[in-house]
Amino acid sequence: MTPERNIKINPAGNDERARSLIALIDNLIEIVNEENVELAKGLPASRLKQVDEKNRLATLFEQCVAEAVGKTANLNVQDRVLREQLMDRILKLRVAMDENVMRLRAAIDASNRRIEAIMQAIREQIANVSPYGAGGRRVASAMSYGTNVRA
């Protein structure tokens, strides 16, 4: 027998692990929904205060899932209601994350448009004050002379 088969599974421990996972998912859903509200307001993704906490919770969630999948923790929830709550939370998290991905992509696109608009304005400003024409030859200097000179 392998050592894994000798481990006795404690159903109460699995239920407690499921409750902890549900609490973690609830926190993650709350943070993601807050971020989605901020993104809906048009704030750039880089200015969101939820990013660090979302990343921390997501890392914890990934670790829990990896443990369950890697069979270091068997998440066989005996309580049917608790199992349904866990599945419900996972579905809600998926919906929130799908919206989050959509809103983050929109925020990135908006940031790219802002950057492009700024770069275009800079290119136009440089072109207007450049001493060289389109052919590469020096053109008459573009100087501004004031007409309101006091002696």
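Visitor: Is glutamate 35 buried or exposed?
Guide: Glutamate 35 is buried, at 1% relative accessibility. Buried means under 20% relative accessible area, exposed over 50%, and partly exposed in between, with a 1.4 Å probe and protein chains only.

Visitor: Before we go on, what kind of model is this?
Guide: It is a predicted model: local features need pLDDT of at least 70, side-chain atom pairs count only at pLDDT 80 or more, and totals for chains, interfaces and linings use all residues. Residues are numbered from 1 along each chain as its sequence is written, and side-chain values use heavy atoms, with hydrogens and water left out.

Visitor: Okay, back to glutamate 35. Where is it?
Guide: In helix H2. Helices are DSSP runs of H or I with at least four residues, strands are runs of E with at least two, and numbering starts at the N terminus.

Visitor: Which side chain joins glutamate 35 in a polar contact?
Guide: Asparagine 100, at 2.6 Å. A polar contact is a pair of N or O atoms within 3.5 Å; within protein, one must be able to donate a hydrogen and the other to accept it, and residues adjacent in sequence count only if both atoms are side-chain atoms.

Visitor: What else does glutamate 35 touch?
Guide: Leaving out residues up to four places away in sequence, glutamate 35 touches Leu48, Gln50, Val51, Lys54, Asn100 and Leu104. Contact means heavy atoms within 4.5 Å.

Visitor: Zoom out. How many helices and strands?
Guide: Four helices and zero strands. Along the sequence the pattern reads α-α-α-α.

Visitor: And how much of the protein is buried?
Guide: 20% of its 151 residues.

Visitor: What is leucine 28 in contact with?
Guide: Setting aside neighbours within four places in sequence, leucine 28 contacts Lys54, Leu57, Ala58, Phe61 and Leu93.

Visitor: New topic. How many salt bridges?
Guide: Nine in the whole structure. A salt bridge is a side-chain nitrogen of Lys or Arg within 4 Å of a carboxyl oxygen of Asp or Glu.

Visitor: Which residue pairs with glutamate 53?
Guide: Arginine 56, at 2.8 Å, N to O. Both lie in helix H3, three residues apart, about one turn of the helix.

Visitor: What about lysine 41?
Guide: Lysine 41 bridges to glutamate 38 at 3.6 Å, N to O. Lysine 41 is exposed at 60% relative accessible area, whereas glutamate 38 is buried at 18%.

Visitor: Which residues form the nonpolar patch on the surface?
Guide: Ile115, Ile118, Met119, Ile122 and Ile126, with about 450 Å² of accessible area together. Patches are made of residues with over 30% relative accessible area and no salt bridge: like charges are joined within 9 Å, nonpolar side chains (Val, Leu, Ile, Met, Phe, Trp, Tyr) within 5 Å. Areas come from the Shrake-Rupley method with a 1.4 Å probe; for residues, only the protein chains shown count as cover.

Visitor: Where is isoleucine 118?
Guide: In helix H4, residues 80–129. Isoleucine 118 is exposed, at 52%.
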